[in-house]
Amino acid sequence: MKYLYAQFQSLKFATKLSLAFLLLVSLGLIYTDYHIRQQFEGKRWAVPAKVYARPLELYVGSPLSSNDLKVELTRLGYQFVPKVVKPGQANISKTKTIIYTRGFKFTDSLEKAQRITIHYSGNQLTKITQSQSEDLSLIRLEPVLIGGIYPLNNEDRELIQLNEAPDAFIQALIAIEDRGFYEHNGISLRGISRAMLANLKAGRFIQGGSTLTQQLIKNFYLTSERTLARKLLEIPMALLLESHYSKADILEAYLNEVYLGQEGARAIHGFGLAAQYYFAQPLSELKLPHLALLAGLVKGPSYYDPRRQPKRAEKRRNLVLKVLYEQDAIDIFQYDSARLAPLGVVQQTSLSKGAYPAYLDLVRRQLRQDYPDEELSSEGLRIFTNLNPIAQNKAETALTKTISSLEKTHGKSIKGLQGGMIVTDPQTGEVIAVIGGRQTRYRGFNRALDTQRPIGSLVKPAVYLTAIEQGYNLVTELDDSPFELDMPNGTTWQPENFDLKSRDYVQLHQALAHSYNLSTARLGMSLGLDNVIDTLKRLGVERPLAPYPSLLLGAQGLSPLEVAKMYQTMASNGFQMPLRAIRRVTDSTGDELSRYPFELEQTIDNNSIHLLQYMLQETTRAGTARSIYDSMPEDINVAGKTGTSDLQRDSWFAGFAGNRLAVVWLGHDNNMPLPITGSSGALRAWTSYMVNETLEPFIAATPEDVEYLWIDQQTGMLSDKGCFGAQQLPFLSGNSPTERSECGIRKKNDAMPAVDRWINRLFE
Amino acid sequence: MTLLNTLYWPQARRLTCLTLILLVSACVFKPSSPNGLATPADIAKAKLIAGLAEQAQINKPIVPVSPATIEVDLQNDAVTILLDSAKAALLQGDLKSAQTILQRVQRIAPRDPNIYYKLASTHLDMKDYKLAENVALKGVSLAQGQDFQLRKFWLMIADIRMQSGDIIAAEKAEHTASRY
């Protein structure tokens, strides 16, 4: 009896156990089932925000050279081919460029994909034609994707739909990874047994036998541990998945999930992204050899990395091609030409993503004010910026070339020179290029935004503007004799001119054009430091400024971005503008979420700013920045200011034409003195950039209350058109010199050569 | 060194002067007296002209004199298309789209006062008075020398100020408009 009871008990226990076990398993399955479905249908991936550059506008008369267009098309991943037949292709010749655009859905309008011909004459676009219809006046290319804002796990995504994957690609993938994909129900017993056989033969684990479904489970739901337990879990999960979803759904998810490479800290998931990462083109534009390579990459992205292991990659690619051929998916001609084709992988440095870390930095900062990090990196936002890849490219070239050239000239004394640069549109306040350091692709300290270095003479326009507002005119005489000021702390401030000379009198405009320190210091003190600070604020400097006399000579530290804001106000006729990197933010479907529109506020009156603009032009024509016109064409009018800080630790130049404003800073991070000044350093980089741009001259109409008068240069007194040494200078009505100078064919104390005297005598 | 720069060389100056004098003399020495001889008036005239010619070369402007007004290319089709498109958006009451389009055209033709006029009116419609006025003032600064435009802008500024409640400033703006 006892024995039977014991048996019963044990039996019951075993049953209880198995019942309990069965219950647990069922609950587990139900939960897993629920979990799988929820993940699959809900928000499956944290989709990073996409950041775009400005779309290139093509219109008749636009200042765009054929070469510039080529740069943009290259950045967009266009293939240059002899015959342009599908989107993503282009052909460039001397007088025209044929483009088959990809089209883009902008918030305000849809640009459709179309084949257009751009006609040139010199540096100007003269006509845009289209095969089917009449001439076009305006068309926008799709914007370059310049980066993303990624979630903390650093996964990047470029989501694609199943129909964006070429048929040939799907075939290749299935052929090499899961031959029976369409037949099995999640797991392939044939696949597993085949793998086991291969493993036994080889004596080690070489094949997994996993179906695409299992791989998806592995990537999607489970961690990447390769344990038996995990492998076993895959099986029911794969079966469950297949029971709920179609092959198409699973395949699409797979295409977007599979791990395909690593870019530094960022993982490359999905074929859409991999196509861009390896070939700089959308998946739909890739050809057979490229598709075969990608399909083969799944097995081991690092092992078959086409950049680091090209031979292995090629072998793997050709294996994929062979399988396709054996399955009659491709014919002998396709097979032969594909396996003999080069890998076609682009260099990482020519990828647009990752090429603009300094600009993206500015974008992120401006965004962070409005969007929390989480939303930025998981909602698939689209951010449209003002970056101009063409201008950025030119600026980078100019800065890095200048730094190399300076290092060659000055050798050890300048080794390790660093720099920062900002380029804006002076009319709209848009930031079009940012350079954070001499290694432009390196995401490190962003000197354009964060370096705060004494601006030196760049501050002087504020002093002279204050003077004009207080009634000084351009020929008011200033005292440029030695100057010293006793400071409250007992020391004495004794500024000096750069050339160490001094002058008793100098006209106001000459003092600024030649950047004299003594006259500026004296002038500033008599105007009042508070007034100069007020002017600086009205010019757009937001940082608190301490009222020390040394402020007048630029002891204040500012970043290149802050300097750009200041000079922007000068370039735009006295209108302060926020410098914007972002135009608009939309959600993943294109609906606008926020915009950063054109804003401005007039803080300096038209007339005063006009007089300042004259002096800044004089600086570039005859003053400290006159070397500009050694390489700049005469008819391109530009204005600007050189800046060299105390002990020559900083070399600055800020200047503008009609359509470009740029600020350049050069210096050592550790503040060591430089063997260069603003003129011999930063100015060279600025000029090198500007002469490569298609510039419009700086022009400002004479304001109503300003008149141009003929002035004798030497004395600053009124003169006449026909008089020797006369120039036209602007004056506020009612504030002009009253004394008139003597006017003669020659000045009396000039020694005259005999011939000239004879000429004169002819008429006496 | 440009060609103009070379004219600062004394030799070049002399050569130019001599050439000019010869050319000018050829034109000027049409004797005004019946017997074909040059009168003192003729000589004085020649001296003045030759002198002016020489000085014109020497007094080459260091800084180009700014124009009385800025010419804007009115033939730009792209601008026309976009402005029409903005107008259409405005008629539909879609101010935001209109602004987007206007900012797009501003990038293409940043000195065209008409664009700023339209942009200012969209801001006015949105009751953003401060921005509307500043955009209009920018239009004023670009339209210097064009009375018709200036009058339009100052009238708009008067309207903006009136709507924002600043009557005195509105009257000032109207007064300014009446000058054109």
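Select Thr492(A) to start. In this predicted model, Thr492(A) counts as exposed, because it has 8 C-beta neighbours inside 10 Å, and a residue is exposed if that count is 12 or fewer. The residue lies in strand E21 of chain A, which covers residues 492–493. Now show its contacts. Leaving aside neighbours within four places in sequence, these are Glu484(A), Leu485(A), Asp486(A) and Met487(A).

Next, select residues 517–527 of chain A, which form helix H18. Is H18(A) mostly covered or mostly uncovered? Helix H18(A) is mostly covered, with eight of its eleven residues buried. The buried residues are Asn517(A), Leu518(A), Ser519(A), Thr520(A), Ala521(A), Arg522(A), Leu523(A) and Gly524(A). To see what covers them, display helix H16 (460–469), helix H17 (508–513) and helix H19 (529–539) of chain A, which are part of the cover. Strand E19 (477–480) and strand E22 (503–507) of chain A also belong to it.

Move to strands E16 (residues 418–424) and E17 of chain A, which pair in the antiparallel sense over four bridges. Strand E17(A), residues 431–435, is mostly covered, and five of its five residues are buried. To line up the two strands, pick Ile422(A), which stands opposite Val434(A) in E17(A). The hairpin has six residues between its strands, and in this hairpin Gly429(A) takes a positive phi near 80 degrees.

Stay in chain A for a sheet. Five strands make an open sheet in the order E3-E4-E5-E8-E9, with mixed pairing. At its edges stand E3 (79–80) and E9 (124–130) of chain A; each has a single partner strand, so one side of each is left without a neighbour in the sheet. Further in, select residues 96–100 and 115–121 of chain A: these are strands E5 and E8, an antiparallel pair with five bridges. One place to look along this pair is Tyr100(A), which stands opposite Arg115(A) in E8(A).

Now bring chain B into view and look at where the two chains meet. Here 43 residues of chain B are in contact with 44 residues of chain A. On the side of chain B that touches chain A, helices H2 (10–28), H3 (40–58), H4 (77–91), H5 (95–108) and H7 (129–142) of chain B each supply at least two residues. Which helix gives the most to that side? Helix H5(B) does, with eight residues. Colouring this side of chain B by residue type gives 22 nonpolar, 16 polar and five charged residues.

The last stop is within chain B. Select H7(B) together with helix H8 of chain B, residues 147–164; their axes are 9 Å apart, and the helices pack at an angle of about 165 degrees. Angles over 145 degrees count as roughly antiparallel, and H7(B) and H8(B) are therefore roughly antiparallel to each other. The crossing of H7(B) past H8(B) is left-handed. Among the residues that make the contact are Tyr129(B), Ala132(B) and Ala136(B) of H7(B), and Leu150(B), Phe153(B) and Ile157(B) of H8(B). The residues of this contact divide into nine nonpolar, three polar and two charged.

Conventions: Residues numbered from 1 in each chain as written. Chains lettered and ligands numbered in written order. Predicted model: local features only at pLDDT ≥ 70, side-chain atom pairs only at ≥ 80, totals over all residues. Pairing = 2+ DSSP bridges. Buried ≥ 20, exposed ≤ 12 C-beta atoms within 10 Å, placed from the backbone. Contact = placed C-beta atoms within 7 Å. Nonpolar A, V, L, I, M, F, W, Y, C, P; charged D, E, K, R; others polar. Axes fitted to C-alpha atoms, helices over the stretch in contact; angles between N-to-C directions. Parallel < 35°, antiparallel > 145°, perpendicular 65-115°, else oblique. Left-handed = near helix turned anticlockwise from the far one by under 90°.
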